[in-house]
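Subject: Structure handover

Hello,

Here is the structure we talked about. Please look it over, then read the notes below.

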Amino acid sequence: MNRGSQAVVLVFLGGAILRASVTDLYLRYVKQGLRPFLIAAGVLLVIAAVVALMQELRHLNRPKADADGDGHDHGRSGPLVGWLLLLPAIALLFVVPPALGADTASRAGSALSDNRDVAYPPLPPGDPADLTLLEYGYRAVYDQGRTLQDRRIQLTGFLAPGPDGKPMLARIVLSCCAADGVPIKLGLRGEVPGVPANTWVRATGRWIPHTAKDPVNDADVPYFQVETWQKITAPAEPYE
């Protein structure tokens, strides 16, 4: 590919990154704290594209040397497959992919790892107490639910099918980006939502002293007694 073609590819790539970065779309790929780096990368790609395009225009306006001595300008060309580099950028510009969801939760093992040595403080004030699924999971399993007893708790997540076919409440936990996302899963009892997988719900209920084993990685899966729930739209930041 000549410089002009390279500039077009860079413009699309930089534009796709900037479009994702200035909206909430980037939250489907990386953690919130990486936004400044994405914006910087998009700006640099666009600048590189402008520089490449200016160099190509100067080259076209310059008298062409006859490298082969036959009086013809043979120019430069490259394989058309190079234009396939545009496909992911165009897809990001015009197609909005979904965040990781129920399929990932079903195939990957739970994110809970041994955390017995942590001192868990009392729950924040309020009724119900609003917790992340990961925080509820650690308190339920490794603190034996001591800080969860006698409190109403509110959790937000999407539904995913459990190994027994019954719905679980789940959410994806990121360390850096979607590529390393792993699920946190909670079994449900009581007023279990009867809605399809990947439906986001906000559930209110209480801790119950029951756990199961995740068949994928043998991690502990705590349970939650649902008292009430409501269907909600997916949050702008879908990951924990």
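Buried means under 20% relative accessible area, exposed means over 50%, and partly exposed lies in between, with a 1.4 Å probe and protein chains only. The model is predicted, so local features need pLDDT of at least 70 and side-chain atom pairs count only at pLDDT 80 or more, while totals for chains, interfaces and linings use all residues. Residues are numbered from 1 along each chain as its sequence is written, and side-chain values use heavy atoms, without hydrogens and water.

Aromatic pairs come first. Rings of Phe, Tyr and Trp (its six-membered ring) pair if their centres lie within 6.5 Å; planes under 30 degrees apart are stacked, over 60 edge-to-face, the rest tilted. The whole structure holds 3 such pairs. One of them joins Y136 and F224: the centres are 5.4 Å apart and the planes stand at 90 degrees, so this pair is edge-to-face. Y136 sits in helix α5 (residues 133-142) and F224 in strand β6, so the pair ties together parts 88 residues apart in sequence. Helices (H or I, at least four residues) and strands (E, at least two) are DSSP runs, numbered from the N terminus. Y136 is buried at 0% relative accessibility. F224 is buried too, at 0%.

Another pair is Y138 and Y142, tilted, with 5.9 Å between centres and 35 degrees between planes. Both lie in helix α5, 4 residues apart, about one turn of the helix.

Now D220. This residue is in strand β6 (residues 220-231). D220 is buried, with a relative accessible area of 17%.

Best wishes
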